[in-house]
Amino acid sequence: MKDQISKTLSQLRKGQMVTVVFDCSFAEERLKVTGSVVSVDNYWKMLQISNIAIDFSEICEIII
């Protein structure tokens, strides 16, 4: 599953609409957010969707 997420992350482009399902460690629950990709930061391992930053390790599913 993580290989598929890594592959999908490498294909994302700024402005692309996506839905991301992720485990939020702060809220201790699984969340689903839909929005446009603002950035994919491979150095810090963060995906930013609208105004939400998601750590790559928390991502469960990406729906393009």
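The model is predicted, so local features need pLDDT of at least 70 and side-chain atom pairs count only at pLDDT 80 or more, while totals for chains, interfaces and linings use all residues. Residues are numbered from 1 along each chain as its sequence is written, and side-chain values use heavy atoms, with hydrogens and water left out.

Helices (H or I, at least four residues) and strands (E, at least two) are taken as DSSP runs, numbered from the N terminus. Strands of a sheet pair through backbone hydrogen bonds, either parallel or antiparallel; here two strands are said to pair if DSSP finds at least two bridges between them. In this model, 5 strands form an open sheet in the order 4-3-2-1-5, with antiparallel pairing. Strand 4 and strand 5 stand at the edges with a single partner strand each, so one side of each has no neighbour in the sheet. From one strand to the next, the twist averages 45°; axes are lines fitted to C-alpha atoms, for helices over the stretch in contact, and angles run from 0 to 180 degrees between N-to-C directions.

Two of the strand pairings can be followed residue by residue. Strand 1 (residues 17–24) and strand 5 run antiparallel and are joined by 4 bridges, and Thr19 has Ile63 in strand 5 as its bridge partner. Helix 1 packs on this sheet, touching strand 2, strand 3 and strand 5, and its direction makes about 50° with that of strand 5. Strand 3 and strand 4 are also antiparallel and joined by 4 bridges, with Met46 bridged to Asp55 in strand 4.

Contact is counted when heavy atoms lie within 4.5 Å, and accessibility is described as buried (under 20% relative accessible area), exposed (over 50%) or partly exposed (in between), with a 1.4 Å probe and protein chains only. Thr8 sits in helix 1 (residues 2–11) and counts as buried because its relative accessibility is 7%. Neighbours within four places in sequence aside, Thr8 is in contact with Ile62 and Ile64. Leu9, with residues up to four places away again not counted, touches Val40, Leu47, Phe56, Ile59 and Ile62.

Leu9 also belongs to the largest nonpolar core, which has 15 residues; Leu9, Val20, Leu47, Ile49, Ile54 and Ile59 have the most contacts inside it. Such a core is a set of buried Ala, Val, Leu, Ile, Met, Phe, Trp, Tyr and Cys residues joined through side-chain atoms within 4.5 Å. Helix 1, strand 1, strand 2, strand 3 and strand 5 are the elements that give two or more residues to this core. Strand 1 gives the most, with 4 residues.

The cysteines come next. With a disulfide taken as a pair of cysteine sulfur atoms within 2.5 Å, the count comes to 0 disulfides. The sulfur of Cys24 has its closest cysteine sulfur in Cys60, 11 Å away, and so is too far for a bond. Cys24 is buried, with a relative accessible area of 16%, and Cys60 also counts as buried, at 16%. Cys24 is among the residues that Glu58 touches, alongside Val21, Phe22, Asp23 and Ser25, not counting residues up to four places away in sequence. Glu58 lies in the loop between strand 4 and strand 5 (59–63) and counts as buried at 18% relative accessibility.

Aromatic rings of Phe, Tyr and Trp (its six-membered ring) pair if their centres lie within 6.5 Å; planes under 30 degrees apart count as stacked, over 60 as edge-to-face and the rest as tilted. The whole structure holds 1 aromatic pair. Tyr43 and Trp44 form this edge-to-face pair, 5.0 Å centre to centre with 90° between the planes. Tyr43 is exposed at 65% relative accessible area, and Trp44 is exposed at 59%.

Finally, two loop residues deserve a look. Lys45 has a positive phi of about 60° although it is not a glycine; Lys45 lies in the loop between strand 2 (29–41) and strand 3 (46–49) and is partly exposed, at 44%. Ser50, in the loop between strand 3 and strand 4 (52–55), is partly exposed at 35% relative accessibility. In the hairpin of strand 3 and strand 4, with 2 residues between the strands, Ser50 takes a positive phi near 50°.
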